[in-house]
Amino acid sequence: MKALFFDGNKAEYREDLPVPVREPHQSLIRVLLANVCSTDREILKGYRPGFKGVMGHEFVGEVIESGDASLVGRLVVGELNEGCGACLYCRTGREKHCLDRKVIGMSKDGCFAEYMTLATHLLHVVPDGLTPEKAVFAEPLAAALEITEQVKIDPSANAAVIGDGRLGFMCAQALALTGVDLTVIGHHADKLKMFEPYAKTRLAGEYTVASPYGEGRGYRELTADECFEYVVEASGAPGGFDLAMNIVRKMGTIILKSTYAGKKELDMSLIPVNEITVVGSRCGPFEPALRLLAEGKVSFPDVELYDLKDWRKAFGSKAFKAGFDFR
Ligand SMILES: [Zn+2]
Ligand SMILES: [Zn+2]
């Protein structure tokens, strides 16, 4: 079969990989569409040393074989993290944190291939009427919905999303549904336009960031009215956290969605002194994501689709989302 294979150093397009054989607890899936995520680009830069296998984790496909006969022929999307099923994390609803988990496209063969296998309990049936083109957004939207799963958003308060890219867009859609007074802060006036139907927008440059906190050039401590009860950091850049610390209200909450790998200097005293809650947030619930997509309550720009052999173009695409069409 055709697949995009990561050999530990680089990606290569291959046509000689065998169709995977499912284990009893898994289903065999024919991939229809698969989207490129920034995590896939990070893998090419060395984010997952030691991984060798098929890349990709955002997909929609058709179940070909499964221990659950009711799934055969159904359109599905799937979660990334397959735990051991036995440890405390797996037994207490934290499978994505299992120490022995296998993650598709990161430590186990993923979805940039004509066929893939995945544990059957991680599959979610795509509701009738939801097209593959839309269903493929279930995984990143679910990750954004994790915010409202973790933090009780008071809709009478205000919230800011830092970041005007794909992650910011997903997070802003999830927050807009709560009715909260929403502002999106980004560096690009052109990208911010996309948010205007449901959020106020501000340029990041309008804010000064203290470094170290409270003493930066031109820095001014913002008033309570200028600050936000909830700040979602989705910029993918280390500076996003500094800005978040600057614009969050006393006793407010910062939700970290960016997963940039790196260390940063931080005045830790500000968190206890200002009683800031910092919440780390990763993968989220698929069922509400599929429901929102099916009901048209969230929408995304069309995916720019490529043939798998043109993977370099897809990875280099500046489109909102690029992906592969296997149909
Ligand atoms: Zn992703
Ligand atoms: Zn486990």
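In strand 6, Gly61 finds its bridge partner in Val76. This pair belongs to a predicted model. Strand 5 (residues 58-66) and strand 6 run antiparallel and are joined by two bridges. Strand 6 also pairs with strand 10 (residues 123-125), again in the antiparallel sense, over three bridges. There, Gly78 stands opposite Leu123 of strand 10. Strand 6 itself covers residues 75-78. Leu75 and Val77 point one way from the strand, while Val76 and Gly78 point the other way. All four of these residues are buried.

The overall fold comes next. The protein has ten helices and 18 strands. Its radius of gyration is 21 Å, close to the 20 Å that the globule rule gives for 327 residues, so the protein is as compact as a globular protein of that length. Along the principal axes, the C-alpha atoms fill a box of roughly 60 × 40 × 40 Å. Of the 327 residues, 41% count as buried. Contacts between residues at least 6 apart in sequence were also examined, and 65% of them join residues at least 24 apart.

Two domains divide the protein. Domain 1 comprises 3-137 + 300-325, and domain 2 comprises 142-280. Their centres, taken over C-alpha atoms, are separated by 30 Å.

Strand 1 (residues 3-6) pairs with strand 4 in the antiparallel sense over two bridges. Within this pairing, Phe6 stands opposite Gly53 of strand 4.

Strand 15 (residues 248-256) pairs with strand 16 in the parallel sense over four bridges. Leu256 stands opposite Gly280 in strand 16.

Helix 5 (residues 166-176) is mostly covered, with ten of its eleven residues buried. Among the buried residues of helix 5 are Arg166, Phe169, Met170, Gln173 and Leu175. The buried residues of this helix pack against helix 4 (138-150), strand 11, strand 12 (181-186) and strand 14.

The nonpolar interior was then considered. In soluble globular proteins, nonpolar side chains tend to be buried together. The largest nonpolar core here has 87 residues. Leu141, Cys171 and Leu175 have the most contacts inside this core. At least three residues of the core come from each of domain 1 and domain 2. Cys171 and Leu175 are also among the buried residues of helix 5. Leu141 touches Met170, Ala289, Leu292, Leu293 and Val298, not counting residues up to four places away in sequence.

Key:
Residues are numbered from 1 along each chain as its sequence is written. Chains are lettered from A and ligands numbered from 1 in the order in which they are written. This is a predicted model: local features need pLDDT of at least 70, side-chain atom pairs count only at pLDDT 80 or more; totals for chains, interfaces and linings use all residues. Two strands pair if DSSP finds at least two bridges between them. A residue is buried if 20 or more other C-beta atoms lie within 10 Å of its own, exposed if 12 or fewer, and partly exposed in between; C-beta atoms are placed from the backbone. A nonpolar core is a set of buried Ala, Val, Leu, Ile, Met, Phe, Trp, Tyr and Cys residues joined through C-beta atoms within 7 Å. Domain bounds come from an automatic or database domain assignment. Two residues are in contact if their C-beta atoms, placed from the backbone, lie within 7 Å. The radius of gyration is taken over C-alpha atoms; the globule rule is 2.2 Å times the number of residues to the power 0.38.
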